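Visitor: Hi, could you walk me through this one? I'd like to go through it in short questions.
Guide: Happy to, ask away.

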Amino acid sequence: MTFHNQDNYNFSLKTSFMKWKPDYDSAASEYAKAAVAFKNAKQYDQAKDAYLREAESHQNNRAFFHAAKAYEQAGMMLKSKVFSKRGASKQEMQQLGEAVLLIEKASMMFIENGTPDTAAMALDRAGKLIENVNLNKAVELYQQAASVFENEERLRQSVELLGKVSRLLVRSRRLDEAAVSLLKEKNMYKEIENYPTCFKKTIAQVLVQLHRNDYVAADKCVRESYSIPGFNGSEDAIALEQLLEGFDEQDQDQVSAICNSPLFKYMDNDYAKLALSLRVPGGGVKKSPASPQEAAGTTGKAASHAAEDDDEYSSGLC
(Lines give C-alpha, C1' and ligand atoms only; values in the text may rest on other atoms or scores of the structure.)
Protein backbone atom coordinates (compact mmCIF):
# COMPACT_ATOMS: atom_id res chain seq x y z
CA MET A 1 0.00 0.00 0.00
CA THR A 2 1.31 3.50 -0.85
CA PHE A 3 0.13 6.93 0.15
CA HIS A 4 -3.14 7.17 -1.74
CA ASN A 5 -2.89 10.97 -1.97
CA GLN A 6 0.85 11.40 -2.55
CA ASP A 7 0.35 13.82 -5.43
CA ASN A 8 -1.82 16.02 -3.22
CA TYR A 9 0.69 16.57 -0.45
CA ASN A 10 3.64 16.84 -2.88
CA PHE A 11 1.76 19.57 -4.74
CA SER A 12 0.97 21.32 -1.44
CA LEU A 13 4.67 21.61 -0.63
CA LYS A 14 5.75 22.87 -4.08
CA THR A 15 6.48 26.54 -4.61
CA SER A 16 6.24 28.59 -7.80
CA PHE A 17 6.44 32.17 -9.06
CA MET A 18 2.86 32.78 -7.88
CA LYS A 19 3.18 30.63 -4.76
CA TRP A 20 6.13 31.62 -2.60
CA LYS A 21 5.35 29.52 0.45
CA PRO A 22 4.58 25.80 0.72
CA ASP A 23 1.02 25.08 1.82
CA TYR A 24 1.89 23.28 5.05
CA ASP A 25 -1.72 23.28 6.21
CA SER A 26 -2.90 21.30 3.20
CA ALA A 27 0.13 19.01 3.40
CA ALA A 28 -0.61 18.26 7.06
CA SER A 29 -4.20 17.45 6.17
CA GLU A 30 -3.10 15.01 3.45
CA TYR A 31 -0.56 13.33 5.74
CA ALA A 32 -3.27 12.95 8.41
CA LYS A 33 -5.59 11.24 5.89
CA ALA A 34 -2.77 8.91 4.83
CA ALA A 35 -1.99 8.09 8.48
CA VAL A 36 -5.60 7.12 9.16
CA ALA A 37 -5.65 4.94 6.03
CA PHE A 38 -2.49 3.12 7.11
CA LYS A 39 -3.82 2.78 10.64
CA ASN A 40 -7.05 1.19 9.39
CA ALA A 41 -5.00 -1.20 7.27
CA LYS A 42 -2.92 -2.08 10.36
CA GLN A 43 0.25 -0.87 8.65
CA TYR A 44 1.51 0.79 11.78
CA ASP A 45 5.05 1.69 10.67
CA GLN A 46 3.71 3.59 7.69
CA ALA A 47 1.06 5.21 9.87
CA LYS A 48 3.75 6.35 12.30
CA ASP A 49 5.80 7.89 9.47
CA ALA A 50 2.73 9.68 8.11
CA TYR A 51 1.92 11.13 11.53
CA LEU A 52 5.53 12.31 11.92
CA ARG A 53 5.32 14.09 8.56
CA GLU A 54 2.01 15.61 9.60
CA ALA A 55 3.66 16.83 12.81
CA GLU A 56 6.54 18.38 10.85
CA SER A 57 4.10 20.17 8.55
CA HIS A 58 2.17 21.55 11.51
CA GLN A 59 5.41 22.74 13.12
CA ASN A 60 6.43 24.52 9.93
CA ASN A 61 3.01 26.16 9.98
CA ARG A 62 3.49 27.03 13.71
CA ALA A 63 0.41 25.00 14.61
CA PHE A 64 2.14 23.49 17.63
CA PHE A 65 -0.93 22.01 19.34
CA HIS A 66 -1.79 20.00 16.22
CA ALA A 67 1.87 19.03 15.85
CA ALA A 68 1.86 17.70 19.41
CA LYS A 69 -1.27 15.64 18.71
CA ALA A 70 0.42 14.15 15.64
CA TYR A 71 3.55 13.24 17.62
CA GLU A 72 1.38 11.56 20.25
CA GLN A 73 -0.45 9.60 17.55
CA ALA A 74 2.89 8.51 16.07
CA GLY A 75 3.84 7.10 19.45
CA MET A 76 0.53 5.29 19.76
CA MET A 77 1.12 3.64 16.37
CA LEU A 78 4.27 2.02 17.76
CA LYS A 79 2.25 0.83 20.74
CA SER A 80 -0.40 -0.61 18.40
CA LYS A 81 2.29 -2.40 16.41
CA VAL A 82 3.78 -4.04 19.51
CA PHE A 83 0.45 -5.18 20.94
CA SER A 84 -1.18 -6.14 17.65
CA LYS A 85 0.15 -9.67 17.98
CA ARG A 86 0.90 -12.10 20.74
CA GLY A 87 4.44 -12.80 21.84
CA ALA A 88 6.12 -9.61 20.67
CA SER A 89 9.90 -9.95 20.39
CA LYS A 90 12.33 -8.16 22.67
CA GLN A 91 13.26 -5.82 19.84
CA GLU A 92 9.61 -4.97 19.26
CA MET A 93 9.05 -4.38 22.97
CA GLN A 94 11.97 -1.94 22.90
CA GLN A 95 9.98 0.13 20.43
CA LEU A 96 7.75 1.11 23.34
CA GLY A 97 10.68 3.24 24.49
CA GLU A 98 10.59 5.11 21.17
CA ALA A 99 6.84 5.49 21.57
CA VAL A 100 7.30 7.03 25.01
CA LEU A 101 9.90 9.50 23.67
CA LEU A 102 7.44 10.69 21.03
CA ILE A 103 4.68 11.12 23.61
CA GLU A 104 7.07 12.99 25.93
CA LYS A 105 7.92 15.31 23.03
CA ALA A 106 4.21 15.85 22.48
CA SER A 107 3.67 16.65 26.16
CA MET A 108 6.40 19.32 26.11
CA MET A 109 4.75 20.93 23.10
CA PHE A 110 1.36 20.83 24.84
CA ILE A 111 2.87 22.69 27.82
CA GLU A 112 4.52 25.26 25.56
CA ASN A 113 1.20 25.68 23.76
CA GLY A 114 -0.54 26.48 27.05
CA THR A 115 -2.46 23.21 27.44
CA PRO A 116 -0.80 21.58 30.49
CA ASP A 117 -3.82 19.35 31.27
CA THR A 118 -3.46 17.69 27.87
CA ALA A 119 0.27 17.31 28.54
CA ALA A 120 -0.35 15.59 31.87
CA MET A 121 -2.86 13.19 30.35
CA ALA A 122 -0.37 12.32 27.60
CA LEU A 123 2.31 11.57 30.21
CA ASP A 124 -0.16 9.39 32.10
CA ARG A 125 -0.85 7.41 28.92
CA ALA A 126 2.89 7.03 28.34
CA GLY A 127 3.32 5.73 31.88
CA LYS A 128 0.66 3.09 31.37
CA LEU A 129 2.31 2.14 28.10
CA ILE A 130 5.76 1.49 29.61
CA GLU A 131 4.78 0.28 33.09
CA ASN A 132 5.12 -3.45 32.37
CA VAL A 133 8.42 -2.96 30.55
CA ASN A 134 10.27 -0.29 32.53
CA LEU A 135 9.00 0.50 36.03
CA ASN A 136 11.54 3.25 36.65
CA LYS A 137 10.54 5.12 33.50
CA ALA A 138 6.86 4.76 34.40
CA VAL A 139 7.57 6.28 37.82
CA GLU A 140 9.32 9.22 36.16
CA LEU A 141 6.40 9.81 33.77
CA TYR A 142 3.75 9.64 36.50
CA GLN A 143 5.79 12.04 38.65
CA GLN A 144 5.99 14.50 35.77
CA ALA A 145 2.25 14.25 35.16
CA ALA A 146 1.49 14.70 38.87
CA SER A 147 3.68 17.82 38.99
CA VAL A 148 1.90 19.33 35.99
CA PHE A 149 -1.51 18.78 37.59
CA GLU A 150 -0.25 20.10 40.94
CA ASN A 151 1.05 23.27 39.28
CA GLU A 152 -2.42 23.74 37.82
CA GLU A 153 -3.89 23.23 41.32
CA ARG A 154 -5.77 20.15 40.17
CA LEU A 155 -4.94 18.21 43.31
CA ARG A 156 -7.36 15.32 42.82
CA GLN A 157 -5.78 14.41 39.49
CA SER A 158 -2.30 14.96 40.90
CA VAL A 159 -2.80 12.77 43.97
CA GLU A 160 -4.17 9.89 41.84
CA LEU A 161 -0.93 9.89 39.87
CA LEU A 162 1.12 10.13 43.07
CA GLY A 163 -0.69 6.99 44.20
CA LYS A 164 0.64 5.20 41.12
CA VAL A 165 4.12 6.49 41.89
CA SER A 166 4.01 5.23 45.49
CA ARG A 167 2.79 1.77 44.47
CA LEU A 168 5.43 1.36 41.77
CA LEU A 169 8.18 2.49 44.15
CA VAL A 170 7.03 -0.16 46.63
CA ARG A 171 6.89 -2.76 43.87
CA SER A 172 10.47 -1.99 42.85
CA ARG A 173 11.57 -1.95 46.54
CA ARG A 174 12.62 1.70 46.43
CA LEU A 175 11.27 2.06 49.94
CA ASP A 176 13.07 5.27 50.93
CA GLU A 177 11.49 7.05 47.97
CA ALA A 178 8.15 5.34 48.63
CA ALA A 179 8.12 6.75 52.16
CA VAL A 180 8.59 10.29 50.80
CA SER A 181 5.95 9.79 48.10
CA LEU A 182 3.39 8.42 50.56
CA LEU A 183 3.89 11.37 52.91
CA LYS A 184 3.26 13.82 50.07
CA GLU A 185 0.27 11.78 48.96
CA LYS A 186 -1.25 11.76 52.47
CA ASN A 187 -0.70 15.50 52.92
CA MET A 188 -2.46 16.15 49.63
CA TYR A 189 -5.44 14.01 50.65
CA LYS A 190 -5.52 15.96 53.91
CA GLU A 191 -5.55 19.21 51.94
CA ILE A 192 -8.60 18.12 49.93
CA GLU A 193 -10.16 16.82 53.17
CA ASN A 194 -10.38 13.18 52.09
CA TYR A 195 -9.68 11.93 55.60
CA PRO A 196 -10.62 8.21 55.24
CA THR A 197 -8.01 7.86 52.49
CA CYS A 198 -5.48 9.52 54.81
CA PHE A 199 -6.06 6.63 57.23
CA LYS A 200 -5.25 4.09 54.49
CA LYS A 201 -2.14 6.01 53.52
CA THR A 202 -1.03 5.90 57.15
CA ILE A 203 -1.27 2.10 57.07
CA ALA A 204 0.83 2.06 53.89
CA GLN A 205 3.35 4.41 55.51
CA VAL A 206 3.71 2.20 58.58
CA LEU A 207 4.21 -0.93 56.46
CA VAL A 208 6.91 0.79 54.41
CA GLN A 209 8.70 2.14 57.49
CA LEU A 210 8.64 -1.23 59.27
CA HIS A 211 10.05 -2.89 56.14
CA ARG A 212 12.79 -0.27 56.35
CA ASN A 213 13.34 -1.42 59.96
CA ASP A 214 12.54 2.09 61.19
CA TYR A 215 10.12 1.57 64.07
CA VAL A 216 10.53 5.18 65.26
CA ALA A 217 9.44 6.56 61.86
CA ALA A 218 6.49 4.12 61.77
CA ASP A 219 5.37 5.21 65.23
CA LYS A 220 5.71 8.87 64.22
CA CYS A 221 3.40 8.28 61.22
CA VAL A 222 0.70 7.03 63.58
CA ARG A 223 1.21 9.77 66.20
CA GLU A 224 0.96 12.51 63.56
CA SER A 225 -2.22 10.99 62.16
CA TYR A 226 -4.07 11.57 65.42
CA SER A 227 -4.41 15.19 64.27
CA ILE A 228 -6.55 14.01 61.32
CA PRO A 229 -10.29 14.24 62.09
CA GLY A 230 -11.77 10.82 62.79
CA PHE A 231 -8.52 8.89 63.08
CA ASN A 232 -8.62 8.58 66.87
CA GLY A 233 -10.70 5.51 67.73
CA SER A 234 -10.97 4.33 64.11
CA GLU A 235 -10.34 0.68 63.22
CA ASP A 236 -7.26 1.84 61.32
CA ALA A 237 -5.78 3.50 64.41
CA ILE A 238 -6.56 0.51 66.67
CA ALA A 239 -5.05 -1.96 64.19
CA LEU A 240 -1.89 0.14 63.77
CA GLU A 241 -1.39 0.45 67.53
CA GLN A 242 -1.68 -3.35 67.83
CA LEU A 243 0.70 -3.82 64.91
CA LEU A 244 3.32 -1.51 66.43
CA GLU A 245 2.92 -3.20 69.81
CA GLY A 246 3.43 -6.66 68.29
CA PHE A 247 6.43 -5.46 66.26
CA ASP A 248 8.04 -3.80 69.29
CA GLU A 249 7.53 -6.91 71.43
CA GLN A 250 8.78 -9.18 68.62
CA ASP A 251 5.45 -11.03 68.65
CA GLN A 252 5.19 -12.48 65.15
CA ASP A 253 1.82 -14.09 65.89
CA GLN A 254 0.26 -10.76 66.74
CA VAL A 255 1.85 -9.03 63.74
CA SER A 256 0.70 -11.79 61.37
CA ALA A 257 -2.83 -11.72 62.78
CA ILE A 258 -3.10 -7.97 62.13
CA CYS A 259 -1.51 -8.18 58.69
CA ASN A 260 -3.88 -10.99 57.66
CA SER A 261 -6.96 -9.03 58.73
CA PRO A 262 -9.32 -7.74 56.00
CA LEU A 263 -8.18 -4.17 56.70
CA PHE A 264 -4.71 -5.07 55.39
CA LYS A 265 -5.49 -7.90 52.97
CA TYR A 266 -7.82 -5.80 50.83
CA MET A 267 -5.46 -2.87 50.36
CA ASP A 268 -3.86 -2.23 46.98
CA ASN A 269 -1.98 -5.36 46.01
CA ASP A 270 1.50 -3.89 46.49
CA TYR A 271 0.72 -2.89 50.08
CA ALA A 272 -1.09 -6.16 50.84
CA LYS A 273 2.10 -7.99 49.81
CA LEU A 274 4.12 -5.77 52.15
CA ALA A 275 1.77 -6.71 55.00
CA LEU A 276 1.93 -10.44 54.33
CA SER A 277 5.74 -10.41 54.14
CA LEU A 278 6.29 -8.35 57.30
CA ARG A 279 8.55 -10.08 59.85
CA VAL A 280 9.49 -8.86 63.28
CA PRO A 281 13.17 -8.40 64.18
CA GLY A 282 14.89 -11.09 66.21
CA GLY A 283 13.25 -14.00 64.42
CA GLY A 284 9.94 -13.63 66.22
CA VAL A 285 11.29 -14.47 69.68
CA LYS A 286 8.75 -12.67 71.81
CA LYS A 287 9.98 -10.43 74.57
CA SER A 288 8.51 -11.77 77.80
CA PRO A 289 8.31 -10.11 81.23
CA ALA A 290 10.45 -11.58 84.01
CA SER A 291 8.90 -14.67 85.64
CA PRO A 292 7.83 -14.51 89.33
CA GLN A 293 10.78 -16.76 90.29
CA GLU A 294 13.25 -14.50 88.43
CA ALA A 295 11.68 -11.46 90.00
CA ALA A 296 11.91 -13.07 93.48
CA GLY A 297 15.55 -13.99 92.86
CA THR A 298 16.36 -10.45 91.82
CA THR A 299 14.63 -9.10 94.91
CA GLY A 300 16.56 -11.55 97.15
CA LYS A 301 19.90 -10.50 95.63
CA ALA A 302 19.07 -6.87 96.15
CA ALA A 303 18.13 -7.53 99.81
CA SER A 304 21.38 -9.46 100.37
CA HIS A 305 23.45 -6.58 98.96
CA ALA A 306 21.54 -4.15 101.17
CA ALA A 307 22.26 -6.32 104.30
CA GLU A 308 25.98 -6.43 103.47
CA ASP A 309 26.02 -2.65 103.19
CA ASP A 310 24.32 -2.39 106.60
CA ASP A 311 26.94 -4.70 108.17
CA GLU A 312 29.77 -2.65 106.70
CA TYR A 313 28.58 0.53 108.39
CA SER A 314 27.02 -1.04 111.57
CA SER A 315 29.95 0.13 113.82
CA GLY A 316 29.56 3.67 112.65
CA LEU A 317 31.77 6.00 110.57
CA CYS A 318 34.48 6.61 113.12
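Visitor: Which residues touch the most other members in the largest nonpolar core?
Guide: Val206, Leu207, Leu243 and Phe264 do, in a core of 85 residues. A nonpolar core here is a set of buried Ala, Val, Leu, Ile, Met, Phe, Trp, Tyr and Cys residues joined through side-chain atoms within 4.5 Å. Buried means under 20% relative accessible area, exposed over 50%, and partly exposed in between, using a 1.4 Å probe and protein chains only. Before we go on: this is a predicted model, where local features need pLDDT of at least 70, side-chain atom pairs count only at pLDDT 80 or more, and totals for chains, interfaces and linings use all residues. Residues are numbered from 1 along each chain as its sequence is written, and side-chain values use heavy atoms, with hydrogens and water left out.

Visitor: Which helix gives this core its largest share?
Guide: Helix 4 (residues 64-83), with nine residues. Helices here are DSSP runs of H or I with at least four residues, numbered from the N terminus.

Visitor: And what is Val206 in contact with?
Guide: Leaving aside neighbours within four places in sequence, Val206 contacts Ala218, Cys221, Val222, Leu240, Leu243 and Leu244. Contact means heavy atoms within 4.5 Å.

Visitor: Let's switch to aromatics. How many aromatic pairs are there?
Guide: The count is four. Rings of Phe, Tyr and Trp (its six-membered ring) pair if their centres lie within 6.5 Å; planes under 30 degrees apart are stacked, over 60 edge-to-face, and the rest tilted. Tyr215 and Phe247 are a stacked pair, because their ring centres are 6.4 Å apart and their planes are at 10°.

Visitor: Where do those two lie?
Guide: Tyr215 is in helix 11 (residues 215-225) and Phe247 in helix 12 (residues 235-248), so the pair ties together parts that are 32 residues apart in sequence. Tyr215 is partly exposed at 27% relative accessibility, while Phe247 is buried at 5%.

Visitor: What about Tyr226 and Phe231, stacked or edge-to-face?
Guide: Edge-to-face, because the planes are at 75°, with the ring centres 5.1 Å apart. Tyr226 is partly exposed at 30%, and Phe231 is buried at 0%. Together with Phe199, Tyr226 and Phe231 form one aromatic cluster.

Visitor: What do its buried residues pack against?
Guide: The buried residues of helix 9 pack against helix 7 (135-151), helix 8 (155-171), helix 10 (195-211), helix 11 and helix 15 (269-276). Among those buried residues are Leu182, Glu185, Lys186 and Met188. After helix 9 comes Glu193, whose phi is positive, near 60°.

Visitor: Now charges. How many salt bridges does the structure hold?
Guide: There are 23, each being a side-chain nitrogen of Lys or Arg within 4 Å of a carboxyl oxygen of Asp or Glu. Asp45 and Lys81 form one of them, at 3.1 Å from N to O. Asp45 is in helix 3 and Lys81 in helix 4, 36 residues apart.

Visitor: And what does Arg171 form a salt bridge with?
Guide: With Asp270, the closest N and O atoms being 3.1 Å apart. Arg171 lies in helix 8 and Asp270 in helix 15, so the pair ties together parts that are 99 residues apart in sequence. Arg171 is partly exposed at 40%, whereas Asp270 is buried at 10%.

Visitor: Which residues do shared partners join into one network?
Guide: Lys48, Asp49 and Glu98. Lys48 and Asp49 meet at 3.9 Å, N to O. Lys48 is buried at 13%, and Asp49 is partly exposed at 35%.
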